[in-house]
Structures are given as structure tokens and as C-alpha cells.
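Dear colleague,

I am handing over the structure below, and after it you will find an account of what came out of going through it. Please read the two side by side.

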Amino acid sequence: MTTSRDQTRLDALQRDPYPHYTQAREAEGLTYVPELQAWLVSRDADVREVLRRPDDFSSAHALLPDAFPSPAALEVLAQGFGKRPTVVSTDGEAHERHRAPLNRALTASRVAGLVPYAAERAEELVDAFAADGRVELMRAYARQLPGQVIGRVVGLDPADVPAAVHGGHRAEQLLFRPLDAAEQLRCAHDVVALQLMLDRCVRARREDPRDDLCSMMTAAYAPGDGELTLEQRHELVSNLQNFLIAGHLTTTALIGTAVLNLLRDRAQWEAICDDPGLIPAAVEEAARYDSPVQGFRRTTTRPVTLAGTELPAGATLFVAYGSANRDERRHERPDAFDVTRPLSRRHLAFGHGAHGCPGAQLAREQLRLTLALLARRLPGLRLDADHPQPVMRPTLIHRSPEELHLTW
């Protein structure tokens, strides 16, 4: 049972994990972190070793929740669609099966084809606040653009995208934040509404396939043209929900932290305004310096030795991409945010190996066009002095500011 003191310590670690990472990288072997209930894999070489050995380090429990719904909330969730294995939580052939339609939907040519749509949506979002002189960027932009783009990938009706994005945020809250009983129930109803929406999309695509991810997943998971079974619908909804949440929340976080870190050091922001050619390097530096997904869990499938630490079968590890990206053995001046750093994708912000993020390029393109747009239209952008310094959300899976108040 998690106490309020335990939750306070976990929140503090999640809001600023970097001091813990530094200590772990300097220690011999692995460090066990009680707040995470896991061994912390902190060094770049060790993180890469784990990710290269999926047979020894399973993804079956990659995303354990920090909070558990109440019995009343579980009753509401039972009205929707149950959890099934997804691309994040499978290994081997099962993982390949789940990943295949994602790879088809996110090829380089398809991502390139999405960029004009994303750019158009981004311009419209900025149009809505450009004359105001101030904005809370997370609500007005960062939480909207990625949802609209990922909704298009999935094949959602644009009118349904706001509710889908809301449902994704509520699913994250329900499983990763302590909520009172009433708020848990409200979250559960929102999650079920999202699942019912996705189920309608799946059944519609069975009748009338289109060139979208929903159709690709339906064809891959349920070959043929017969009526979908209930189990097939459960699997499809679970995987679409996972993709939708991962696809928009991760990019939302990346946009928020990138803009925050650029504006914290005025010279960094002015550098990309003066020379937009620096923006591709700024995208990679933003991803490296403050990775939106700080890491995933892995579970040992047999006794193994990692970094000199002997681990039994069934041991839980937190594989910290965010720490590897600050490892001085891999990156020069790792704690400095520097957009003039030579362009490199040697970081692990999007994972590595079999579980490398299939949507990495789509996320990069959205951040790239966002920085180019803001630098061109709002070069005077700065942190709003009338609001406190931004506070990071207490999470290691979609690390971003709670709010980001800006002025110009």
C-alpha cells in the first residue's frame, strides 16, 4: 500500500530524476530505487545492453501503473474493453505482430505526407493566440497538435479528436496519479467513452476499409471480412488506445520541454531565430536533454549479471533512457543544453533495438515545424514573468511542464 509519504517521495523523484541518475551512474553496479521498486539501469552502455537482449529482459511489464483504480472505477471500466498485450508489452513474435501495422502506417513517405497537414494545423493553432501577447502553450498548442496528427494517422473523424485526446489524458491520470474516488469514477467514464469510440471506428473500418492505421490494424489482427469477434475487438481497441496515447502524449511532452529549455537560456532561442538551420540539431538536443519518455521497465527472464550486479529471474529494472542521455561516457558536457551541439542521433530518447519508437520521425517532424513556426512568427517569445517557474509533471513516461505560460 502506497502511503502519502511514499507518494511525496515518488513525486519528487519524477519531477527531477536527474540527481538520482547521476548518483546511480557513479555507483558501482546497479542501484535499487525503492520509490520505483526497481533496479535503476542508468549508464548508456548498460541501457543498450538490456535493449539488445529482449530474451533476457522482457517487456511484459514495461508500463506498470503507479496507481490502481478503486473497485467502483473498475466496475465502470468493465463496461469498456479490457486490457490486452500491445506493442509496448510484448516480446518476440508477438511484438513483431503488433509492430507490423505500425511500421506500415509510419513509413518515411507516409510521415512526409503528414507534414503539410501538421503544418496547416499548427498555423491555425498559433493564429488563435498570436495577437494576444501571451499564451499557456501546453493547453493552447502542445496538447492539441499531436492529437490532431495522430487522430489522422488512426483515421478518426476530426470531430472526435478532442474527445479522444481527452480520454487519453484521463487514462494516464487514472493509472499514474493518485485521485480521489469521485475523480477516479469520472476518469473511468472518460476512458470507456474513448474505448467505445475506437470500437466504433474498428467496426466501421471492417465494413469499409480505408488507408489508415485503424484499417491496417483490423486487417492484420483479424484477417478476412467476417464480423469481428468480441476478443478481436478487445485486442484492436487496446492496441489503438495504446498507440493513440503514446502518439500524442509523448509528442506533447517533447514540444513542451523543448520550448521550455530553449527559453530558459535566451541565447539558445535567439540562436534558432537567427539561424533556422540549427532547428534539426535543436530537435535532437531537446530529445536528448529532457527525454519525454524517461524509460521503461524490464523483467529478467532468468538469472543474469548486469553491470556486475547479479539479478534473479523476475527482477524488475527501470531502464532509464533519460539517464543514458546524460551519460558523460557517451555525450560531451551532457548536462548542458546546447543547440549548437553537432547534429547526432546517438541518444536513446526514442529507445533502441526491437522496441525503438516506430513514431520517432513523426514526433521529430512535429517538433521541427513547431520550432520553425514559433521562431518565425513569435521571435520575441519568452517565459511569462507573471507566472511562477514551470513545474514538471510528476511522471517518467510523458515528462513535460504542468503549464507553460509564455509572453511576447
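**Helices α12 and α13**

In this predicted model, helix α12 (residues 230-264) and helix α13 (residues 266-274) have axes that come within 4 Å and cross at roughly 105°. Angles of 65 to 115 degrees count as roughly perpendicular, and α12 is therefore roughly perpendicular to α13. On the α12 side the contact is made by Leu262, Leu263 and Arg264, and on the α13 side by Arg266, Gln268, Trp269 and Ile272.

Is asparagine 239 buried or exposed? Its relative accessibility is 3%, and because buried means under 20% relative accessible area, asparagine 239 counts as buried. If its neighbours within four places in sequence are left aside, asparagine 239 is in contact with Pro85, Thr86, Val87, His98, Met217 and Tyr221.

**Helix α11 and what covers it**

Two of those contacts of asparagine 239, Met217 and Tyr221, are among the buried residues of α11, which also include Leu213, Cys214, Ser215, Met216 and Thr218. Seven of the nine residues of helix α11 (residues 213-221) are buried, so this helix is largely enclosed by the rest of the structure. The cover over the buried residues of α11 includes α5 (92-105), α6 (108-127), α8 (145-154), α10 (181-207) and α12.

**The nonpolar cores**

The largest nonpolar core has 100 residues, of which Tyr141, Leu213, Ile272, Leu371 and Leu406 touch the most other members. Helix α12 gives the most to this core, with twelve residues. Leucine 371, once its neighbours within four places in sequence are left aside, is in contact with Val259, Leu262, Ile272, Ile279, Ala282 and Val283; of these, Leu262 and Ile272 also take part in the contact of α12 with α13. Another core, of twelve residues, lies apart from the largest one, and among its residues are Tyr18, Tyr21, Val33 and Ala320.

**The five-stranded sheet**

Five strands form an open sheet with mixed pairing, in the order β1-β2-β8-β5-β3. The edge strands, each of which pairs on one side only, are β1 (31-33) and β3 (57-58). Strand β1 runs antiparallel to strand β2 (residues 38-41), and three bridges join them. Within this pairing, tyrosine 32 has tryptophan 39 of β2 as its bridge partner, while valine 33 has alanine 38 of β2. The hairpin of β1 and β2 has four residues between the strands, and in it glutamine 37 takes a positive phi near 55°. On its pairing with β8, by contrast, β2 is in the parallel sense, over three bridges, and leucine 40 stands opposite phenylalanine 318 in β8.

Helix α2 (residues 18-26) touches β1, β2 and β8 (316-320), and its direction makes about 80° with that of β2. Helix α3 (residues 44-52) touches β2, β3, β5 (295-300) and β8, and its direction makes about 120° with that of β8.

**The three-stranded sheet**

An open sheet of three strands, with antiparallel pairing, has the order β4-β10-β9. Here the edge strands are β4 (134-136) and β9 (382-383), each pairing on one side only. Strand β4 pairs with strand β10 (residues 405-407) in the antiparallel sense over three bridges, and the bridge partner of valine 135 in β10 is leucine 406. Leucine 406 is also one of the residues that touch the most other members of the largest nonpolar core.

**Aspartate 91**

Aspartate 91 has a relative accessible area of 24% and is partly exposed. Leaving aside its neighbours within four places in sequence, aspartate 91 is in contact with Pro54, Ser58, Ser59, Ala60 and His355. Between aspartate 91 and arginine 330 there are 28 Å in space, C-alpha to C-alpha, and the two are 239 residues apart in sequence.

With kind regards

Key. Residues are numbered from 1 along each chain as its sequence is written. This is a predicted model: local features need pLDDT of at least 70, side-chain atom pairs count only at pLDDT 80 or more; totals for chains, interfaces and linings use all residues. Side-chain values use heavy atoms; hydrogens and water are left out. Axes are lines fitted to C-alpha atoms, for helices over the stretch in contact, and angles run from 0 to 180 degrees between N-to-C directions. Helices (H or I, at least four residues) and strands (E, at least two) are DSSP runs, numbered from the N terminus. Angles under 35 degrees count as roughly parallel, over 145 as roughly antiparallel, 65 to 115 as roughly perpendicular and the rest as oblique. Contact means heavy atoms within 4.5 Å. Buried means under 20% relative accessible area, exposed over 50%, partly exposed in between (1.4 Å probe, protein chains only). A nonpolar core is a set of buried Ala, Val, Leu, Ile, Met, Phe, Trp, Tyr and Cys residues joined through side-chain atoms within 4.5 Å. Two strands pair if DSSP finds at least two bridges between them.
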